[in-house]
Amino acid sequence: MKTFRRLTYPYIAWILAMIVIPMILIVMYAFTQQGNEVATLHFTFDNFMQFFTDMDFLRTLWLSLRIALMTTVLCILIGYPIAYMIAMSSSKRRNLYILLITLPMWINMLVRTYAWIGILSDNGLINSLLSAIGLQPQKLLYTDFAVVLGMVYNFIPFMILQIESSLAKMDKSLLDAANDLGADRWQRFVKVTLPLSLPGVISGITLVFLPAVSSFVIPKLLGGGGYMLIGNVIENQFITVGEWNFGSAISMIMAVIIMISMYVTKKLDKSDDALSRKRGSVR
Amino acid sequence: MNRFFSLRKICLGAIFLFFYFPILYMLVFSFNDSRSLTSFEGFSLQWYQKMFQDPNMMEAIYYTLITAVIATLISTVVGTLTAIGLSKSRKIIKDMVLQVNNLPIMNPEIVTAVSLMLFYVSLRLEKGFMTMLLAHIAFCIPYVILSVMPKLRSLDDHLADAAMDLGATPFQAMLKVIVPQIMPGIVSGALIAFTMSFDDFTISYFVTGNGVKNISTLVWTMSKRINPSINALSTIIVLMITITLLMVNILPLLKERAQRKNHPISNRALGIVSICFALLIGAGLLGLKNGAKKPMNAKEAIAKYGSDTLKVYNWGQYMDPQVNQAFEAQYGVKVIYDTFDSNELMYTKLQGGESYDVLVPSDYMIERLLNEEFLQPLEKDRIPNLSSLAEGVKGLSYDPQNLYSVPFYWGTVGIVYNKKAVALDELQKEGYNILRNQKYRGRLYLYDSERDSFMVALKALGFSMNTENETELMEAYEWLKEVVLTMDPEIVTDEVIDAMINGNKDLAVVYSGDAAYILSENEDMGYYMPNEGTNLWSDAMVIPKNAKNPLLANEYINFVLSYEMSLKNSLFVGYASSNGEVLETLSGYEGDYEGNEAYLPRVGYDKDEIFRYNEHVKKMISDLWTKVKIAK
């Protein structure tokens, strides 16, 4: 058996080079100033200070979190009923629905987002329709609305698929049992279905919130050049401004925020699990 | 039950409409006869034709597919082997490796991208195909491992032992016993890897370079202008993916049917089908590769110039593609053409160690590059066309003798306004301050350039745009911030061109060349250069010190400066040519830009200035501009 262990050595070397060292580089850049020479290491907190003492950067961070949160909530509110309907379908239909949901995910995200520009722009499809029925055209593109819409559009399939798979895995006889014990439809949903589907919701949240908070493509395409989320600030620092140290510091801040929120969600999941198990055993 | 069923139908119908409507919309408009993305004016295949003729698009498809295929193959093999190894490893090693393995999945993509970029830069690796491929492999393997591991967990350990007891080598045991049992995990891992690589934008964007683009990064650079070829490209992708997915979904069905009927031949048939499919992909890739540009007489060029490729880094939408094609045909070389959309972006790339043969920065940036000794002198005897430079671009302060630079385009910055909505005398009265007139709230575009935005603010306040006075700069910052906070402007780059042609808004700060193009497409638009003065800018071709092919670079500069090529370029984008004769032809009697008030730059007005480079001011402006943008 031990012979197989050797199979991991190349990959261990690989992750050292391609994952660990690059991550260390970010940390190093974040704690040093200017000049990209590693030789003159000089530790400093300036990059972090610059970020945390500036209201504008903090506001951008807050906006990113708000937009990501809004996206996540919308994805749950829309995604859950859809997932439920799919999971309750016959298996043949279920496969078809799932295929239909996965298919767009295979198409380039940029391309799909680009398509919305034509629909939302000032003279775009929606506004043409609005003015055709005699309504005032609305400013849609380059607004919060457009950005959230773009994010929901791109990320909701993850939510639906996660919830759906946890619902599909559910033991249907539990529902019958609840029924036999006199629970009505609503009670069956709240007491049986919902708790059992929570792991799916939670992994859906991570799959939506994480890309939403760090995205810089959707805000730039649908929010316009003046729309800055935290991802755009990072992109801007690295690509245009050339301040890699400051950019690395912001990247680190974002990574830490995300790790904390992941940790909290996971904890939530576990405690919920434990709770329901405990409750189950008491009853 | 019936009611519930119909509700379900409506909901599912709505969500699928939501998913597919944009895709359908794109599909339909790829067949549009006009450039518009909003009104359908008849069926045409012109965008497909344009796409297939565009070597950049063909190359992007090629690179996307080849990267996805290689990354999938390597990551599937490595991921599977590692997963097998891990399942037999001690728990502590297994946990640690899986922990690190999770990093690229849990980390925001942009952080992974940035970390890889820093890694490549510190190794001084030149960004291009290899760096992109390595990055793709790096983020694909974790997904393969994650999808193979669960299958291994449910595997009976003793089977491999038994095989080895019966005389199988470990390799045989793995191949014949373990792998077949975890096949579903491997296949789904490979599928995830392929999608991740095929779709990737963020990571590729940070780690690619040297003209190597995948579909995503290409769409990103093109997305600023309305370009229905993107729709045509997308339609092709949709088609490819639908076919692939059908194959993936139908193959197992075929297999199942074959097994049910217990036909031994069918398995072979299945093999034949998949081989055919692989051949088809291979042939397609080969065709794309050949369709992509290739030097015709590379050997000759290498003998003459020492290389058969020339790397040009220019502004986006700045050249008629035919010019590079003509150069390639005449010199038998391949032009790698990369674009940027700000001087700062170009500088950052250059500083990151990227090497180019010809760059086209603006005045102040050339001054900076000269100060920091980034440029090499031109070989003037190879550039006889220098004699045809227009009067307005002779003896420019940053390089009066043209020792290092040859002007390409020049112009001013001004305000494009909708003549039906904004009166000229109002503009004359208010100048740049019209951008703070509440009447036009939400009706204006600012250009996303730190330099020119500060130019506008400084001029509006009556200061010099080259001021080094910090209080004046802070005043300009407050001026801009107020515009952003009270006027609801949209800060755009090249999107402004199509937006103003469509008449989306009434006012826009625009470069004169783009203005000339807007005016020629929409006669309601006018161009105004405020009396407070403006930025008299010029972009010039220079050769960096680390150019790999300076000889050819000099030839290229001469070629681009020639009458025919200058004419093509100036006609294509609307910017004022540096070639005097071209200026005369185009602005003269019956020229294409006759009577176009934006085409010919204003010369000799004493409040107009040329940007100078000052490191401290540059840093201050760039920080302040970031803050203006996020103030919204």
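Predicted model: local features only at pLDDT ≥ 70, side-chain atom pairs only at ≥ 80, totals over all residues.
Colleague: What makes helix 16 of chain B mostly covered?

Modeller: A residue counts as buried if 20 or more other C-beta atoms lie within 10 Å of its own, and seven of the nine residues of helix 16, residues 343-351 of chain B, are buried. These are B:Asn343, B:Glu344, B:Met346, B:Tyr347, B:Thr348, B:Lys349 and B:Leu350. Just after this helix, B:Gly353 takes a positive phi of about 95°.

Colleague: Why are strand 8 and strand 10 of chain B said to stand at the edges?

Modeller: The open sheet in chain B has five strands in the order 8-7-9-6-10, with mixed pairing. Strand 8 (490-492) and strand 10 (525-528) each have a single partner strand, so one side of each is left without a neighbour in the sheet. From one strand to the next, the twist averages 35°.

Colleague: How do you know that strand 7 and strand 9 of chain B pair?

Modeller: Two strands pair if DSSP finds at least two bridges between them, and strand 7 (residues 444-447) and strand 9 (residues 507-511) of chain B are joined in the parallel sense over two bridges. B:Leu444 stands opposite B:Leu507 of strand 9 in chain B.

Colleague: Which strands does helix 19 of chain B lie across, and at what angle to strand 7?

Modeller: Helix 19 (residues 450-460) of chain B lies across strand 6 (413-418), strand 7 and strand 9 of chain B, and runs at about 120° to strand 7.

Colleague: What makes a contact between domain 1 and domain 2 of chain B, with 40 Å between their centres?

Modeller: The 40 Å is taken between the centres over C-alpha atoms, whereas two residues are in contact if their C-beta atoms lie within 7 Å. The contact takes seven residues from domain 1 of chain B and nine residues from domain 2 of chain B. On the side of domain 1 that touches domain 2, one residue is nonpolar, four are polar and two are charged. Domain 1 covers 54-224 and domain 2 covers 298-410 + 538-587, while domain 3 of chain B covers 413-535 + 607-630.

Colleague: How many residues of chain A are in contact with chain B, and which helix of chain A gives the most to that side?

Modeller: In chain A, 77 residues are in contact with 77 residues of chain B. Helix 2 (residues 9-30) of chain A gives the most to the side of chain A that touches chain B, with twelve residues. By class, the residues of that side of chain A divide into 51 nonpolar, 19 polar and seven charged.

How values were computed: Residues numbered from 1 in each chain as written. Chains lettered and ligands numbered in written order. Domains from an automatic or database assignment. Nonpolar A, V, L, I, M, F, W, Y, C, P; charged D, E, K, R; others polar. Buried ≥ 20, exposed ≤ 12 C-beta atoms within 10 Å, placed from the backbone. Helix = DSSP H or I, 4+ residues; strand = E, 2+ residues; numbered from the N terminus. Axes fitted to C-alpha atoms, helices over the stretch in contact; angles between N-to-C directions.
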